[in-house]
Each structure stands twice: as structure tokens, then as C-alpha cells.
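Good morning, and thank you for joining this group meeting. Please look at the sequence and the structure as I bring them up.

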Amino acid sequence: KGVKGIVLKSEDINTIKKVGKVLEEEEEKLSLSVIRITRVLPLGLGDRVCVDTTSILSRGEGMLVGNSSGGMFLVHAETEENPYVASRPFRVNAGAVHMYVRVPENKTKYLCELSAGDKVMVYDYTGRGRVAYVGRAKIERRPMLLVEGKVDNKKVSAILQNAETIRLTKPDGTPISVVELKEGDEVLGYI
């Protein structure tokens, strides 16, 4: 699981500053928003990106993705057991190739641009983020689903794979499958 902290023994203030800067770059805290679902619409086939990281993600963690960089959903990692496939806690089935994913330094990338070695941000349901590295990003043709929601008057949308194993994240960190989503449900995202 890792250590709770480290001790750095150095009298060189520049070394201390460098270590502090590296640690700051690896983590961040966002204020996540509660998004109320307004529409779920099955679509036809499309190309989706499965992001396999070199990290094990926990329940309540995932990646922020969306049709716009201005509004994203917290897509939950595949941490849950189900009757169809084994859990894959290193994976986020992130969505359609055209969508944005949040990466370090307050930036985004298109999902289709991700490749092995790239850095992506992983967030938990409290908004605590950390860097994870892409092991592979695989693109496959699958049935898709348009998910739309609102925060105040701001519209948020994403196109995700239409499958039981694809989940968004409820405000308490519980995953909810996209096939169970209905108008009025509340999930987490970032505006």
C-alpha cells in the first residue's frame, strides 16, 4: 500500500525545494461537482478507448473524461466483480476516441492520443488526484451510449461504451453502471 510519508535529510535548500516541487506535480486536489443526469441515449457502434494503467486503482477512483474539456464525468475504474468479466482495477474503460481526458498540469488530451508511458490523472470521489502511467490504450469498436447531465445550467456530456462493466461514480464513491443510469441520478464530475 505504500508509506504515509518520507523523511528527507538534506541541508541544501535547493534539494528540498526540488523534491517539494516533484511531489506537488504528482498530486492535486479538485473540487468535484454533483452532476444530475438529464439524458441517456443508446447510440450505434463507435470506437472506444480502454486505458490500462501501471497502477492499481481503488473503489471510488477513476478518470475525468468528457465531450468537452469544460465538463467531465468521473468514469470509475473496473474495480468491481461481475458475472461477465473479472475485475481489472488497473483499467478505466474511458469512452469514445474523440473525448478529452485530464492529464497533469491542468491539461487535457484526446483519448485516442494516449499511448504507453503517457501520464494521466486518476481521481478519487473526494477530488484527490494522482498521476498514473498508461501501460496501453486499446481502441475497439463497441456499442456506445450518450450520457448527458447538468450542474446548475452547465451541460456535461460523454459518449461511453454501452456495457454493464462501464460505471460512473456516485457522490459517495459508489460505482453505478451506465446501463442502470436514469434521469435524475446523481454522479460526480468536474466543471
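I shall begin with the chain as a whole and then turn to individual residues.

First, some conventions. This is a predicted model, in which local features need pLDDT of at least 70 and side-chain atom pairs count only at pLDDT 80 or more, while totals for chains, interfaces and linings use all residues. Residues are numbered from 1 along each chain as its sequence is written, and side-chain values use heavy atoms, with hydrogens and water left out.

How many helices and strands does the protein chain have? There are one helix and 13 strands; helices (H or I, at least four residues) and strands (E, at least two) are DSSP runs, numbered from the N terminus.

As for overall dimensions, the C-alpha trace spans about 60 × 35 × 30 Å along its principal axes.

Of the 191 residues, 45% count as buried. Buried means under 20% relative accessible area, exposed over 50%, and partly exposed in between, using a 1.4 Å probe and protein chains only. Contact means heavy atoms within 4.5 Å. Among contacts with a separation of 6 or more, 64% are between residues 24 or more positions apart.

Let us now consider His-76. Is His-76 buried or exposed? His-76 lies in strand 4, residues 71–76, and it counts as buried because its relative accessible area is 1%. Leaving aside neighbours within four places in sequence, its contacts include Ser-58, Gly-60, Val-92, Arg-167 and Pro-175. With Gly-60 there is a particular approach: the backbone nitrogen of Gly-60 lies 2.7 Å from a polar atom of the His-76 side chain.

Arg-102 belongs to strand 6, and it counts as buried because its relative accessibility is 5%. Which side chains does Arg-102 join through polar contacts? One is Glu-28, at 3.4 Å, and another is Asn-106, at 2.9 Å. A polar contact is a pair of N or O atoms within 3.5 Å; within protein, one must be able to donate a hydrogen and the other to accept it, and residues adjacent in sequence count only if both atoms are side-chain atoms. Arg-102 is also in contact with Met-72, among others. These two residues are 30 apart in sequence, yet their C-alpha atoms are 8.8 Å apart in space.

Finally, please look at two loop residues. Glu-105 sits in the loop between strand 6 (100–103) and strand 7 (107–110). Glu-105 has a positive phi of about 65 degrees, although it is not a glycine, and it counts as exposed because its relative accessibility is 62%. Asp-152 is found in the loop between strand 9 (128–151) and strand 10 (154–161). Its phi is near 55 degrees, a positive value in a residue other than glycine, and Asp-152 is exposed, with a relative accessible area of 74%.

Thank you for your attention.
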